[in-house]
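The following questions and answers examine a single protein chain. The sequence and structure are shown first.

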Amino acid sequence: MFDALFHAAHTAVIHLSTVLAPVGGAAAAVVAVTMGVRLLVHPLTRAAVRGERARAVLAPQLAALRKKHGKDTAALAQAMTDLHREAGVSPLAGFAPMLLQAPVFIVLYQLFASATVAGQANVLLDSTLFGVPLSAHLLAPAAAWLPHLAVFGGVVAVLTALAWVSSQRAVRLAALQETPATGLLAALPRVLPYAILVSAVVLPLAAVLYLATSTAWTVAENALLRRGYPARAASGLPASGGAVA
């Protein structure tokens, strides 16, 4: 079944690449597929944001439960579960958009890493971005060094800028915790977003392009849907800007 789905995805990307040939071909198709997937999961993202704001409102009650139950972790966990259930809030709602994107990323990776598809040569491996194959890796250039480094350098620069924005937001969120982390845990929110840069080394250009597009979408969604958050959340009130219907 997976082979049939993989072949169907291969055919669809080829057709989309043909349609988008005037604006980038396969590279534009990767961007379009990424944006299409993010658009499909956008309703789930909006639901996750509503959950964040609801949890911000529940923060004082959660703090009271921690004080009440102390070190009785079982009772605390049950009380927190009951509180979330009564408020109609799921602590795991924020993971749904990410989990639904994972299969698409895996298929896209395989499309630009497999030599054959359904027993035939994979024509997508011949697709390029400014002369650099979308199947190329940063440390294994399949084209001249100069265009290779220029293309990967541009994508890495975009990823670095996006990681910086994500890092700044993560630090602000971490500062709002009741018990701020210390030591290595305190550094994680600042450093972890930069882990995406590893993708530029270990993944083919097409997959890196997918991650850059998806991360840019995430940053834009945060700016649109989470305006006023986390700043307003510090007071235990839901953000008023960027209301989510």
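Q: Which residues does Leu203 touch, not counting residues up to four places away in sequence?
A: This is a predicted model. Leu203 is located in the loop between α8 and α9, and it is buried because its relative accessibility of 13% falls under the 20% limit. Not counting residues up to four places away in sequence, the residues it touches are Phe105, Tyr109, Ala136, His137, Val208 and Leu211.

Q: What distance separates the C-alpha atoms of Leu203 and Tyr109?
A: Tyr109 is among the residues that Leu203 touches. The two are 94 residues apart along the chain, yet their C-alpha atoms are separated by 8.0 Å.

Q: How many helices and strands does the protein chain have, and in what order do the elements run?
A: The secondary structure of the protein chain comes to 9 helices and 4 strands. From the N terminus on, the order of the elements is α-α-α-α-α-β-β-β-β-α-α-α-α.

Q: At what angle do the axes of helix α6 and helix α9 cross?
A: Helix α6 spans residues 145-175 and helix α9 spans residues 205-225. The crossing of these helices is left-handed. Their axes come within 10 Å, and the crossing angle is roughly 30 degrees.

Q: Which residues of α6 and α9 make the contact?
A: The two helices cross with a left-handed sense. From α9, the contact is made by Leu205, Val208, Leu211, Ala212, Thr215, Ala216, Val219 and Asn222. From α6, the residues are Val151, Phe152, Val155, Leu159, Leu162, Val165, Ser166 and Arg169.

Q: Is Val219 buried or exposed?
A: Val219 belongs to helix α9. Leaving aside neighbours within four places in sequence, Val219 is in contact with Leu162, Val165 and Ser166; with Val165, the C-alpha to C-alpha separation is 7.5 Å across 54 residues of sequence. The limit for burial is under 20% relative accessible area, so at 19% relative accessibility Val219 counts as buried.

Q: Which residues does Asn222 touch, not counting residues up to four places away in sequence?
A: Asn222 lies in helix α9 and is one of the residues through which α9 contacts α6. Its relative accessibility is 17%, so Asn222 counts as buried. Not counting residues up to four places away in sequence, it touches Arg169 and Arg227.

Q: Which side chains meet in a salt bridge?
A: Side chains of opposite charge can pair when their charged atoms come close. A search of the whole structure finds 1 salt bridge, with an N to O distance of 3.0 Å. The side chains that meet in it are those of Glu221 and Arg38.

Q: How many residues apart are Glu221 and Arg38?
A: Glu221 counts as buried because its relative accessibility is 6%, and Arg38 counts as buried because its relative accessibility is 4%. Glu221 is in helix α9 and Arg38 is in helix α2, residues 26-40. The pair links distant parts of the chain, 183 residues apart.

Q: What is the phi of Ala118?
A: Ala118 sits in the loop between β1 (116-117) and β2 (120-121). At 60% relative accessibility, it counts as exposed. Its phi is positive, in a residue other than glycine, and lies near 55 degrees.

Q: Which residues form a nonpolar patch on the surface?
A: One of its members, Val198, is found in the loop between α7 (184-191) and α8 (199-202). Val198 counts as partly exposed because its relative accessibility is 48%. With about 360 Å² of accessible area together, the patch is formed by Leu139, Val198, Val201 and Val202.

Q: What percentage of the residues of the protein chain count as buried?
A: The protein chain exposes about 13600 Å², of which carbon and sulfur atoms supply 70%. Of its 245 residues, the share that count as buried is 36%.

Conventions:
Residues are numbered from 1 along each chain as its sequence is written. This is a predicted model: local features need pLDDT of at least 70, side-chain atom pairs count only at pLDDT 80 or more; totals for chains, interfaces and linings use all residues. Side-chain values use heavy atoms; hydrogens and water are left out. Patches are made of residues with over 30% relative accessible area and no salt bridge: like charges are joined within 9 Å, nonpolar side chains (Val, Leu, Ile, Met, Phe, Trp, Tyr) within 5 Å. Accessible areas come from the Shrake-Rupley method with a 1.4 Å probe; for residues, only the protein chains shown count as cover. A salt bridge is a side-chain nitrogen of Lys or Arg within 4 Å of a carboxyl oxygen of Asp or Glu. Buried means under 20% relative accessible area, exposed over 50%, partly exposed in between (1.4 Å probe, protein chains only). Axes are lines fitted to C-alpha atoms, for helices over the stretch in contact, and angles run from 0 to 180 degrees between N-to-C directions. A crossing is left-handed if the near helix is turned anticlockwise from the far one by less than a right angle, and right-handed if clockwise. Contact means heavy atoms within 4.5 Å.
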